[in-house]
Amino acid sequence: MTTPEDPYQPPQQGAQPPPGGAPPPEYNAPPPQYGAPPQFPGSGGGYQMPGAPQGPGGAPLAAWGWRVLGYIIDAVIIFIPAFIVGIAVGRAGYDVVALILGLIIAYLNGAQGQSPGKRVVGLRLVRESDGQLIGGGMGIVRAIAHILDTIACLVGWFWPLWDDKRQTFADKIIGTVVVKL
C-alpha cells in the first residue's frame, strides 16, 4: 500500500501534496514539445514577432527578402524557357515567350494570390482593404504598374524596406499587400 508521503508514487486523486512543495511529476506524462514557435493571435499559424506589421485579417506582412526570393524564382521560370526558345529562333522568340510567361505569372498572382515563386516561399498577394484576391486582370495591371518602381531609379522596389505596410509603388497604386502564409 502506498501513502501520499511516498515521493516515488504519483499522488492519489484528492490527496494533499506532500508538505514543503508541489507533488512530484507524473512519470507517464507526455514529454514537452520543443521547437514549435509561439503562436500569436491572428498570425495564421506562422511565427510573428509581437508588434510586427500586419495585413488584413492579422496575417503578417511579408518581409522584403521573401518577396525578392519569390520574384527571383518567377524570373527564372520566365528566363529559362525564353532563353531556350531564343537560342532556337532568335530574339523575337525570346521576347514572345518572355511576354507570354510574364503575363501568365502576373495573371496567377492576381487570380490565385500567388505566382509560382510566391507559392514556393509561402506568400500571398491580397487587397489591402479586405484581404481578398484582386483578380487576374488587376494582377496584370499591377505587373505593368511595376514600371513605376523601376523608372524611379529602382526606389520603388526597395520601398518595402522602410514602408509601414511593406508596399512597392505598384502595391500602393493598386491597393495591395503581400502577406506571409
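Leu125 touches Asn109, Gly113, Lys118, Leu133, Ile134, Arg142, Asp171, Thr176, Val177 and Val178, when residues up to four places away in sequence are not counted; contact here means heavy atoms within 4.5 Å. The model is a predicted one, in which local features need pLDDT of at least 70 and side-chain atom pairs count only at pLDDT 80 or more, while totals for chains, interfaces and linings use all residues. Residues are numbered from 1 along each chain as its sequence is written, and side-chain values use heavy atoms, with hydrogens and water left out.

Leu125 also belongs to the largest nonpolar core, whose seven residues are Ala62, Val121, Leu123, Leu125, Ile134, Ile174 and Val178. Such a core is a set of buried Ala, Val, Leu, Ile, Met, Phe, Trp, Tyr and Cys residues joined through side-chain atoms within 4.5 Å. Buried means under 20% relative accessible area, exposed over 50%, and partly exposed in between (1.4 Å probe, protein chains only). In soluble globular proteins, nonpolar side chains tend to be buried together.

Arg67 lies in helix α1; helices (H or I, at least four residues) are DSSP runs numbered from the N terminus. Arg67 counts as buried because its relative accessible area is 13%. Beyond its neighbours within four places in sequence, Arg67 is in contact with residues including Ala62, Leu123, Arg142, Arg166, Asp171 and Val178.

Arg166 is placed in the loop between α5 and α6 (169–174). Its relative accessibility is 23%, so Arg166 is partly exposed. Although not a glycine, Arg166 has a positive phi of about 55 degrees. Cys153, in the loop between α4 and α5, likewise is not a glycine and has a positive phi of about 55 degrees. Cys153 is exposed, with a relative accessible area of 71%. Most residues other than glycine have a negative phi.

The largest pocket holds about 730 Å³ of space. On a 1 Å grid over the protein atoms alone, a pocket is an open set of points where a 1.4 Å probe fits, with protein on both sides within 12 Å along at least five of seven lines; lining residues have an atom within 4 Å of a point. Of its 30 lining residues, Tyr71, Asp74, Ala143, His146 and Trp157 lie nearest the centre. Two or more lining residues come from each of α1 (64–89), α2 (91–111), α4 (136–151) and α5 (155–158), and α1 gives the largest share, nine residues.

How values were computed. Grid points are joined across faces, edges and corners, and a volume is the space filled by probe spheres set on the points.
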